[in-house]
Amino acid sequence: MSTTAISNSNLPVHIEVKNLVRAFDGRRVLDNISLKVHKGETMVILGGSGCGKSTLLRHLIGSLKPDAGEIWLLGKEITRMQDQEFAEIRKKFGMLFQGGALLNSMSVGENVALPLEEHTNLSPEIIDIMVKMKTGMVGLTGFEHLMPSQISGGMKKRVALARAIAMDPEIIFFDEPTAGLDPVMTAVVDLLINNLCKKLGITAVVVTHDMASVNRIADHIAMIHKGKLVFEGSVPQIHASTDPLVRQFINGEADGPISFQQSGDDYLKSLFAST
Amino acid sequence: MKDSIDQFLLHLGDYTILLGQSFRCCTVDIFRRQGPRMAHVLEQMNEIGVNSMGIVCLVVFFVGLVIAMQTSYEMTKFGTEMYVGRVVGLTMFRELGPLIATIVLGGRCGAAIAAEIGTMKVNEEVEALRVMGISPIRFLVAPRILAFTIMAPVLAVISDYVGIIGGLVLAITELHLTYWQFVENMMSGMIVKDFVSGIAKSVVFGLLVGSIACHFGYRTEGGADAVGRATTMSVVTSIVMIIVSDAALTAVFVYIL
């Protein structure tokens, strides 16, 4: 758990989701989700594969539009916002994609510099200093000249994190930041997320299913199952929960209400529904 | 059949939107300081134009040589081989210079661009740009379409002259014509419209190849197989559209203008 759990009730709400509904071909992937994330808080969205957590994240970053409900980012409702207006909001948040999503044709330094070059009038010298600062914050000083293909998966995620904080965002969204990393690198990335968010006062939304990470970074947890919010609370609260669904997930048990079995008919139905 | 028509209309709609957004980016947005970056355009012009020059020249040189061989073979029967220059010149300027240059561009650079943008789409790089508040149209698409539209006529002019050199080599070595006989004969049969129509065609061809490549790359969804399909579709569609638009433009230049 985060060492500095935040008493958030007095802080402003940075992200608010109100009754969000999204269906694909008649199947509800997000079913009446409501959430609040306060300033400086790290909210972890937890859930099994295909539960709708990544879909929720895509709605938060404006890549998908909901069928119903509202999303408020930094006091502004984004679901009905024009692209031009939303582009301004986008400058105030960063996103770390699951695979890093670094531009492979650009070096590490150029990737980190990109948002600064596009959105500011800073001179190349100042941008260079800022790139060194940001790469230093993620422990990658001296790697600026390397291409993404020359660095490891963990390093790519750290570079992506440096790029996400390049514009000093107020909010960062993390999509499975530790997926595919070894335990040590997972701990390193978690530590970085904690340090950066607490030191810089950044509000973070982390989508993950890694309980070890959840214990280390979460101030607040929202668990989603089949598109519905089934739990909301702190790390001690989730560990104290008696809900069989929550207990199965946090203990990583095969037997329980979260079934890995699916009938062939159901599978084919969902397959054809999605085409 | 209905699905194919739906797919075609969907493609056409997406393509029109992409072209419209790119056009706005290269015109209106420039005055709002949101046009494509000059460095990106120059980089693409270098990749598309300068780096394609060798292969374009190689191909059109032999095309010019072949045209001269084929026509002289018939002309010598009637003793009119001195007109080879005129045939080669007209063919290259009006038709084959721009056509061959842009078909080679479509195969070399169009495929590369469709694959590059398609891979970026699959790897979420395009999405990352959007999330950073950077328009993928401004950053990726517009510079490439603009570079194609600028460099296609440049390559067409070079290709015209290299093709003629191919014909000249044949005329001098096989038909024993002098340089001046070949050139004088070529120039005597030409008007400015022949040259201008070829250049105008190449602008349209360049725009088509660039925008089609970007369209198929930008529409890629899935994995490696989708990138492969996008690349193939880009090349095939580009070639078909070049030929179709060539027929339409030739009709306009021959019968209307």
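This is a predicted model: local features need pLDDT of at least 70, side-chain atom pairs count only at pLDDT 80 or more; totals for chains, interfaces and linings use all residues.

Residues are numbered from 1 along each chain as its sequence is written, chains are lettered from A and ligands numbered from 1 in the order in which they are written, and side-chain values use heavy atoms, leaving out hydrogens and water.

Rings of Phe, Tyr and Trp (its six-membered ring) pair if their centres lie within 6.5 Å; planes under 30 degrees apart are stacked, over 60 edge-to-face, and the rest tilted. That rule gives six aromatic pairs over all chains. Take B:F61 and B:F62: their ring centres are 5.4 Å apart and their planes at 90°, so this pair is edge-to-face. B:Y179 and B:W180 also form an edge-to-face pair, with 5.1 Å centre to centre and 80° between the planes. B:W180 is exposed at 57% relative accessible area (exposed means over 50%, buried under 20%, partly exposed in between, with a 1.4 Å probe and protein chains only). B:Y179, at 43%, is partly exposed. Over in chain A, ring pairs link A:F86, A:F93 and A:F173 into a cluster.

Back in chain B, the charged end of B:K121 sits over the ring of B:Y218, 5.7 Å from its centre (NZ of Lys or CZ of Arg within 6 Å of the ring centre and within 35 degrees of the ring normal).

Now the backbone: A:A101 isn't a glycine, yet has a positive phi of about 55°. At 5% relative accessibility, A:A101 is buried.
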